[in-house]
Structure formats: structure tokens, C-alpha cells
Amino acid sequence: MKSNFSKGLLMTALITGSVMWGGTNVFAEELQEYTLDPMLITAQRMEKKDLDTPAAVDVIPREQIEKTGGASAFEVLRQSIGLSVTSQGPNGVSYGSMTGDATIRGVDRGTLVLLDGMPLNQDGKYNLEDIPTDIIEKVEIVRSGGSVLYGSEASGGVINIITRKNVGNKIKVSAGDMGRQSYSLTVGEEGFSAVAYLDKRGKINRTSTTASSGMENMKVLKYYRYDDGERKGIRWNYKINDNLTFTHAYGENENNVSQIHPNAAKYNHGVYQENKYKNTDNSFLLNFNDLNGLKILASYGTQEKSYDKSQWKSNGKLSSSGLYSWRKGHNTNLEVQKSFDMGNNKLLVGASYKKEDMDIFSSKELKDGKISLGKNANYSRDIYSIYASYNWVLSDSDTLDINVRETFARNCDAKYEKKDVASKNLNKFTPEIQYIKKLNDDSSVYTKVGKSFRLPELTRIYGSSVILSANELKPEQGTHYEIGYKLNSGKTAWRAALYKYDIKDSIESTGSAANETLRYYNADVKSYGVELTCDIQHDDYFSSSFGIAVSNPKQKDNKGNFYKYGDRLQLNAGVNYNRDKVAASLMANYYGKRLDDDIKKYAEYKVKPALYTDFHMSYAPEKNQKLFLHVNNIFDREDLTTNQVPNPDRLGYISVGRNFMVGYEYSF
């Protein structure tokens, strides 16, 4: 690997020598300039400057996205403070139900991801690695419970990905070690734009630690090898008129992974299991904005996941092969929002409807305890919400926001082959109060308190091929507190936040999807923490940033004792340089004081610290051409990508060693 890396650097040297609401009412057409006080819309569903927003918010503009050199939203978000981005696969790659996860302030599965107003969450999954950075205009991250304004899935916060609406004509190609290749094409005319992409992910010899597993009534060693994978898709939008835009996106993601026995003489030349995963996403979005406060979003999306598995005996004969599991989710969303100016104040009211419908197949019998239910099932649920927000300007320096939401869950049921199971209808009222005081033109303080509410995902309740059913699973309910300070001083922006939350019946997991023992249960959790970030524009060429987040998440066991878990310390830093034809960026993100997330089996087991590093450099010999180099994992570390302690009976998923991509971009 290291020799390939050196060859790649030599090659590079030779080359260079010759939304609507929720953030989606933003039709950005030009690259956003750097500013210490950017405009936001996600935190309050209405456009405001950062200093006037009573929440901890990060904005990653297009300029910064390009500097990171990340290929997907997963890689861009990995450098954000207060956000833990984890995955079992390399660089966020999903293995069936084992998808990448973005956890805000330790609230597991409490992150709502929006893409142009359309919620991406389907059964708790949103596949950040499938969103190429070429389509992203900017990202807004709200680090606070957002259930009141955004609904059940935002109990920890919101990640709002806003895509580019007008793009130039550009082609980009790149290649790297391990056989990786990437191609993208963007085209745009007035009112129309499209982005097509193809990535080949190459081969990675080992993506996990080694552990034992039960096969053929005996224990054998195993580890995962990533054989190959491909991501391809297209996203286009058409501006029908000044008020109405239509967007369509289609993407396919295939990943082939093998479980390897160290003895190559056994099984299929050392391979005793081959897993083929395929994800297909298809979505349609109609976005209406009359520019007078009325906004309507209608979307329909499908998310299909299939998992084929082949298995060999120790004598080399094929034991089984075929479709192991399949699921297809259908999400229909309709949301209407209207804002009213009332003198200096503003009232916003809205209503939403979401239809969740999912078809399931498992090669193994789905079960309710020991009762067999068959191999096929359909899960469905209707979720209705009404909400309101009143922005009350008390004085020139004082503003109070009062937010409320009522959520109704209806028709939640599972239709198995052998029986039907229905869950109770639910209603939940969630209020929130926010207050912000402008100290002067460059600083403000804020405080907020609010309730959160999260419905358990359908497969968490009714089960799947790798998830055991838990019909008794209850919604989680929490209370969140926060106080913050924001200061722009010269060319420096400081942000500080202190928070605390208590969540009753948090939806937690134990067991392993790989071992088919994964099960969800309710447990109380609590945490408090502090976050500090600083962004500095040193001069016209240099900028830097750093951040620190310290937290204390704890989970209650069935005896009433609280145990620590999760990432408890995060440090990040970055430096950027941009002058004439050269741009460079160096970023580092450190996670320390890590503890295993599964307190039922591994309470307060220590996970070794992780350090993620990236270097990106580009050179533009002409205005319409660019050469670039991206290096990931500079120090060639083997870090655990999840808070899961490896042991002789349990795999740990590891980061890819030092790797690089070199490429060329041409605009026409």
C-alpha cells in the first residue's frame, strides 16, 4: 500500500509539473462567499443571520466543500464538531442494514437528514455516502433537538443538504490507489441542471479486525474484505417557473464483501462467505414557493436494499447461495407552510403528512419471540403533524420564539404471512421556547428549552432478517436545554454552547446485525456537554478553524444504574490556503475518551481513540482547468470506525489505510 502511495505522489508531481423550508427555500446560483455571519434557514424555518439564530449551527458553503476534497456528504460531515459520523464500511459504505450514521451530541438515530426539503430518513437510514459533493451547494447542521419544527426524526438535530440549482458545464475524472476511479459530468442551461456520476471503489484487503464465528458446529476465524463496489446515478432539476421546481434523482450503489478465513486451503480458497449488497434510490420532488410566504413540498421516494449471500463449507463445496434479504421502502411526503408578517413579528404555521410503507423479505422466518410469522411482510404507518412558530420581537435587542407541534401516528401495523400485528395510535405535543439577545452588532447570547419525541422505526418494532422484533418498543421523549454565545471579532468568529438533555425511553440497540442478534429496547439516557468553535480569516490567503466538544452521555440499565458510553471528547482543526492558482486544505478530527455503545454487554469498555486526517490540494493552470490531489488518513492509522470494542468473538470495523486520489477537472 505504501509503495503504491509513493508512486501516486510521483505521478501527481509529474502531472502538476506540466429548499424549500428546512433549508430548501434556498435557490443558490453562485458560490457563496466566505462570511463570519452567514444566512441560515434550517434552525427556524425562516431566513436569518447566524448571530440572530438561537441555536448552535454550522454552515459548510460550497467553497469549503471543495476545499475538503471529500467525494460524498459522509466525508464532508466527518470534520464537523459535535457530530460523530461512523460506518462499518470504508468511507461510509453501507453493508445492507449496517449503514453510516451521523450522531449529533450522542443522540443515537436522532438526526434528520434533508435533501432539498425531502426527508431522506427511511427506517432510520439515509446513506450519506450516496450523496456526491458535486451536487451540494451548502450544508447546514443544527446541533440541537429539532423535533418541534421538524418532527419525530429530528430529536438530536438536523442536517440540511442544499443542492446546486444552476451548475456550469464540467467534467471531472480521478483515480487512486486500490483501483479506485471516479467520473462526474455536470451540465446546465437556464432553468435546467443535471449531475451524473460514476464511482468505482476498488478493493480493500481488510476492513475489520479478526474474530471467531460459529459455522458447521465449530468456531472459525473471520475478517471482512471489500472486494469491489460501484456507485452511479443522476440528479436533475427543472425550474418550471419562478415559483415551481421539479427534481428527480436516481442512484444505484453496489458493494461486494467477503468474509475471509486466514487458511486459504479451506472453504473457497479462504472465502467462506460472499455478500453482495445493492441499494437503489429513486425520488421525485415538487417544490413550490410563491415568494409571499406560502411553500408547498410534495415528494415520493423509494429505497430498495437487497442482500445476496453465498456460503461455502470447509471442504470447498458450496453450502448455500441466493437472496438472503430484501426490502423496499416507499415514502410519501406532503408539507404546506405559510408565514405571516405581523408588524415586527412573524407567525409561521404548517402541516405535514408522511406515509411510510415497506415490503420485507427474509430467507429466514420472521419471528415474534418463538412464533414463526413467515418470510414476507408489509409494514406501514401514517404520520400527521401540525406546527406553528411565533417570532416575537420584544425590543431592538431581544427576540422570543415560541414553537409548538402536535404529532399523530396512525395505522401503524405489520402484515405478516401468518398474522397481522397492529400498534397503538399515538399523539404527542412538543413545545419549545427560544430567546436571543443581541449584545451589539457583533455578539449575541441565547437560551432555549424544548421537548423532543421520536417514533421507533418500523423494522425496530416488527423485525427484519437481521433485527429481532420488539413489539413492546415505545417512542422516546426528551427534554433539551441549551445556552450559547456568539461573537464576531474582526476576522474571527467564536461560537460556544452549553447543553443538557434527558431522554426517557431512548431507543437503543444490543447485539450485532452481522451475527443476526440485533435487537432494540428502551432505556433512559442523559448527557451534558460544552462545544467551542473558532473560525479565523487570517488574510486574503489563509484561514483556519478549530473546535472542541466535551460530553458525558450515560445510559440507564435495567437495575437503575447509569453507565457512560459513546464519544466523549472531540477535537478538530483545519487550515486553508488559497492564492492565485493554488489551493490547499489540511484537516484533522480526533475522537477520544471513547466507550462502547452497547452497555448491556460491554458497559464502559474503552475504545481506542481515532484520528481522521485529510489533505487536499488543487492547481488551476487555466481558469477552466484544475488538477487536484486528495490524501486520506495521512498517518496511515488503523482506527475503529464505530464504538464497538473488538474481541475474539466480536469484529471491529477499521478505517482504510493511507490512500489517495488524483484527478483533473475541465469546465466548458
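Entry 1, a hairpin. I began with the hairpin of β19 and β20, where 2 residues lie between the strands and glycine 369 takes a positive phi near 70 degrees. Before going further I noted that this is a predicted model, in which local features need pLDDT of at least 70 and side-chain atom pairs count only at pLDDT 80 or more, while totals for chains, interfaces and linings use all residues. I also noted that residues are numbered from 1 along each chain as its sequence is written, and that side-chain values use heavy atoms, with hydrogens and water left out. Strands here are DSSP runs of E with at least two residues, helices are runs of H or I with at least four, and both are numbered from the N terminus; two strands pair if DSSP finds at least two bridges between them.

Strand β19 (residues 345-368) runs antiparallel to strand β20 (residues 371-393), and 19 bridges join them; I found glutamate 356 bridged to arginine 381 in β20.

Strand β6 (residues 111-115) pairs with β7 in the antiparallel sense over 2 bridges, and leucine 115 stands opposite methionine 118 in β7.

I then looked at the loop between β5 (101-104) and β6, which holds glycine 110. This glycine counts as buried at 0% relative accessibility, where buried means under 20% relative accessible area, exposed over 50%, and partly exposed in between (1.4 Å probe, protein chains only). With neighbours within four places in sequence left aside, the contacts of glycine 110 include Glu153, Gly157 and Arg454, contact meaning heavy atoms within 4.5 Å.

Is threonine 459 buried or exposed? I located threonine 459 in helix α5 (residues 458-462), and it counts as buried because its relative accessibility is 2%. Its side chain makes a polar contact of 2.4 Å with the side chain of aspartate 123; such a contact is a pair of N or O atoms within 3.5 Å, and within protein one must be able to donate a hydrogen and the other to accept it, while residues adjacent in sequence count only if both atoms are side-chain atoms.

I next turned to arginine 231 in strand β14 (residues 218-239), which counts as buried at 5% relative accessibility. A polar atom of the arginine 231 side chain lies 2.5 Å from the backbone oxygen of glutamate 129. Among the residues that arginine 231 touches, not counting those up to four places away in sequence, are Tyr197, Asp199 and Glu252.
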